[in-house]
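Subject: Structure handover and notes on the chain contacts

Dear colleague,

Please find the structure we spoke about below, with my notes after it. I would be glad if you could read the two side by side.

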Amino acid sequence: MAGAEGDDSLYPIAVLIDELRNEDVQLRLNSIKKLSTIALALGVERTRTELLPFLTDTIYDEDEVLLALAEQLGTFTVLVGGPEFVHCLLPPLESLATVEETVVRDKAVESLRKISQEHSPVDLEVHFVPLVKRLASGDWFTSRTSACGLFSVCYPRVSSTVKAEIRQHFRTLCSDDTPMVRRAAASKLGEFAKVLELDYVKSDIIPLFTALASDEQEDLEALVMPTLRQAAEDKSWRVRYMVADKFSELQKAVGPEITKNDLVPAFQNLLKDCEAEVRAAAANKVKVFCENLPEDSRETIIMTHILPCVKELVSDTNQHVKSALASVIMGLSTILGKDNTVEHLLPLFLVQLKDEVTHLELSPVSHLSVSLSLVVKDLSDCTTAETQLFIFQCPEVRLNIISNLDCVNEVIGIRQLSQSLLPAIVELAEDAKWRGVEFFDEKLNSLCMAWLIDHVFAIREAATCNLMKLVEKFGAEWAQNTIVPKVLGMANDSNYLHRMTTLFCINALSEVCGQEITTKHMLPVVLKMSTDQVANVRFNVARSLQKIGPFLPWLD
Amino acid sequence: MVSGAGGGGNDVQWCFSQVKGAIDDDVAEADIISTVEFNHSGELLATGDKGGRVVIFQQETENKSQPQCRSEYNVYSTFQSHEPEFDYLKSLEIEEKINKIRWLPQKNAAQFLLSTNDKTIKLWKISERDKRPEGYNLKEEDGRYRDATTITTLRVPVFRPMDLMVEASPRRVFANAHTYHINSISVNSDNETYLSADDLRINLWHLEITDRSFNIVDIKPANMEELTEVITAAEFHPHQCNTFVYSSSKGTIRLCDMRASALCDKHSKLFEEPEDPSNRSFFSEIISSISDVKFSHNGRYMMTRDYLSVKIWDLNMENRPVHEYLRSKLCSLYENDCIFDKFECCWNGNDSVVMTGSYNNFFRMLDRTQRRDVTLEASRESCKPRQVLKPRRVCAGGKRKKDEISVDSLDFNKKILHTAWHPQENIIAVATTNNLYIFQEKVN
């Protein structure tokens with residue numbers, strides 16, 4: 001390959017080589033554009049050992065020449081002997097990446113990105129990544145801006161230690177002193193996020209994003225927004241998920257104006273995303289997002305943009321989405337006010353209740369009940385009857401209402417509660433102690449007792465626990481007169497489960513009722529059940545005895 | 001040395017370090033120094049002259065055995081920046097005199113500066129070369145061509161070390177944007193744009209784009225007969241890339257925000273000191289013309305120089321006379337045109353002292369914190385190495401004390417218009433007509 005074929009073939013190459021140093025820039029440019037011809041004539045080894053070192057030092061040249069050189073080097077892999085030797089191209093490209101002319105630097109970075117793909121993972125770690133690190137920690141901002149474009153191409157294929165180092169460098173550049181570097185980093189944020197593992201996206205990218213979005217250099221904000229938009233529409237659902245998950249932080253970072261103009265459409269798209277995880281993540285953020293909208297346009301935006309999407313989500317097929325939504329629908333009621341709530345939100349809420357959900361988790365439904373209380377707070381019409389109906393037909397809802405009696409809105413008035421029959425018992429007791437007991441007796445006693453024998457175990461258990469709290473509030477005497485007889489009465493029930501409930505109640509109540517009641521009234525019942533037919537009952541008698549033992553007087 | 005950082009002008013004793021330029025009294029017009037500027041690190045000091053040349057001095061690296069040599073500045077590069085031109089359309093000669101030099105913050109191994117004459121701004125790259133390629137295929141190193149038939153192998157040139165060569169090459173020429181004479185250029189803190197100001201307009205340029213500039217201030221009246229005020233100086237804020245200030249011949253300073261509108265004719269803030277009616281005279285308007293405006297390094301204050309005083313602006317506006325003793329001489333100064341001299345001013349590194357020039361090769365240092373000032377002289381007589389400068393005193397009238405100089409004896413042809421203070425150290429460069437004096441803090 002090296003010229004041994006005689007002068008004719010060598011001569012033109014010789015001319016080309018000499019013209020690399022010609023005073024006429026056009027001739028130099030011409031030679032650079034024919035660099036591959038020179039390299040072919042020299043052969044791979046001489047190209048590596050002689051031509052490339054020469055080119056590394058020729059950075060004293062006009063932009064056009066350097067630009068052409070940067071471009072040529074991106075295609076030189078074969079000419080240096082293939083992927084095994086591709087790292088030889090790094091030195092000249094590294095010096096081109098620090099030149100003051102932006103076009104040349106950009107082209108050098110482009111070529112570096114190209115040839116990075118040809119590096120083996122080992123070569124990446126041994127040659128490429130050190131180059132990136134050198135550029136990233138360079139004295140001049142030119143090299144640091146160039147570094148920004150090289151992180152995403154080497155990250156995927158290196159070891160986790162090196163990955164950590166790369167992430168660190170990127171973080172440093174995002175908070176560089178020089179605005180140009182921060183800007184370059186911001187523009188590569190989206191690209192880098194795509195190659196990061198999701199956990200790191202959350203832990204690293206989002207804070208960087210929010211920092212850059214509120215950077216005092218205004219154009220950084222403008223730069224970061226396209227990244228956000230792109231990320232929100234990214235092909236990878238993980239990226240979209242990340243955006244949805246961190247939406248409220250992003251909203252805070254960009255401020256109300258950009259939220260209005262940019263984030264609302266983005267949020268809408270996330271709510272309509274084809275991937276359920278993304279929709280669920282976005283749905284979780286609806287309330288917070290709406291709360292942080294600028295006040296003057298909040299209602300309009302919600303009614304025009306957000307609510308239609310929410311309406312779609314209520315009939316979503318995915319459980320997670322519906323769970324997520326449950327907690328936020330009624331949260332919007334405070335923002336939208338009574339009329340809008342009745343007209344728009346309540347129907348949605350009822351749809352949710354009607355929906356046969358078998359795997360609703362505890363917390364969303366408890367929010368349902370809390371939300372419900374918020375709704376009915378201002379309602380006084382017949383929809384409450386409908387609401388009650390659904391409450392009592394849906395076990396999960398009942399369960400959570402009971403479990404969350406304490407959490408129901410403390411502002412609820414007694415009258416509304418009584419009208420809606422919401423069992424906000426403890427709250428009531430707190431609110432109007434002077435008439436608490438009578439009121440309880442009148443309205444809700446039967447309800448609570450009914451729950452004690454509910455066919456769902458968890459409800460019975462919760463009801464038991466609730467009773468305990470009631471006794472704490474109303475006192476042992478009241479318990480003795482009202483609750484205890486009823487509880488003890490259950491001991492004679494034909495259903496063994498109900499008899500067991502008695503035992504469980506006794507377990508709970510003995511603590512709060514005091515020694516006298518426990519000894520005088522409860523103990524006999526327990527002892528009587530020790531001869532119950534059902535083994536399970538007898539077993540639990542033993543347990544009960546253990547439990548109530550400390551509250552019995554011990555005979556010496 | 002940063003601890004000293006240009007602290008108090010009066011605690012510091014200044015001593016002579018070097019003088020550059022021809023010693024003889026016969027001053028060639030082309031050698032008259034027209035601008036002096038340190039770069040951002042203080043390592044380089046550039047001067048421009050009337051002949052269109054730029055001379056760059058470089059600070060010698062610290063010599064441990066001779067600590068006194070610390071601030072020796074030696075010639076690093078000299079090049080012809082601008083040539084005289086002739087505007088055929090207007091039959092006007094365009095002087096090659098360098099009006100201003102401004103350094104760009106360093107972005108890679110090379111240095112960059114902007115130099116301007118009345119009409120054209122140029123971006124110069126100053127780079128070092130310490131190796132050169134050798135080895136031609138078709139000719140010898142000395143240029144003689146070889147016989148083409150003797151070539152049997154290809155030869156790739158190799159770089160060999162050589163003596164350090166400093167090259168200055170023009171990278172950009174920003175031309176044809178100013179109808180009137182450019183008086184100021186200022187590089188933005190964003191490192192990408194800069195402004196250039198002439199008498200009536202201020203333009204914004206991008207450093208990479210030469211065929212376009214944006215006009216951001218235009219005070220040209222529709223009818224030129226109504227012209228009463230011109231722009232005298234302009235500068236970007238050192239940190240806020242959207243803020244700049246420009247001063248006028250009427251003694252006003254306008255602070256402008258480029259975010260507010262594209263054309264910044266409406267200022268955000270106007271600084272103006274109402275005149276003391278007792279001082280009013282025929283010359284009031286002329287001497288209120290501001291010749292220079294400079295932000296402090298920290299960006300919180302602004303200093304302006306009018307004919308008789310230096311003013312420092314902020315919420316607490318201070319006003320310090322420079323050579324108040326000239327007030328009685330205004331008539332003769334008017335007659336000899338000296339009243340139109342444009343003095344520059346500068347801050348020290350930590351913004352505690354300001355410096356400006358005066359006549360008789362005097363220059364003044366005004367300490368803001370200690371509220372004291374001193375007058376020093378750049379003269380041949382105090383040219384001995386490390387000779388401490390003695391404070392000078394001018395007697396305005398009445399009985400002249402010993403060592404004082406009477407205002408009538410001042411040489412108004414010896415003026416120090418251009419001064420520069422090293423950004424970190426107590427080293428100052430003071431330009432008399434054709435000499436550059438470098439003084440440094442006395443080190444024991």
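Predicted model: local features only at pLDDT ≥ 70, side-chain atom pairs only at ≥ 80, totals over all residues.

Residues are numbered from 1 along each chain as its sequence is written, chains are lettered from A and ligands numbered from 1 in the order in which they are written, and side-chain values use heavy atoms, with hydrogens and water left out.

Between the two chains, 35 residues of chain A are in contact with 36 residues of chain B (contact means heavy atoms within 4.5 Å). Together chain A and chain B bury about 3200 Å², 53% of it on carbon and sulfur atoms, where buried area is the accessible area (1.4 Å probe) that two parts lose on being put together, summed over both. Of the area that chain A buries against chain B, 24% is supplied by A:Arg21, A:Tyr60 and A:Glu100, more than by any other three residues.

Seven salt bridges are found across the interface of chain A and chain B, a salt bridge being a side-chain nitrogen of Lys or Arg within 4 Å of a carboxyl oxygen of Asp or Glu. In one salt bridge, the side chain of B:Arg171 meets that of A:Asp63 at 2.9 Å, N to O. Over all chains, the whole structure holds 34 salt bridges. The side chains of A:Asp57 and B:Lys131 also form a salt bridge, at 3.1 Å, N to O. Because A:Asp57 lies in helix H4 of chain A and B:Lys131 in strand S10 (residues 121-134) of chain B, this pair joins two chains (helices, H or I of at least four residues, and strands, E of at least two, are DSSP runs numbered from the N terminus).

Within chain A, the axes of helix H17 (residues 247-271) and helix H18 (residues 276-284) come within 7 Å and cross at roughly 130 degrees; axes are lines fitted to C-alpha atoms, for helices over the stretch in contact, and angles run from 0 to 180 degrees between N-to-C directions.
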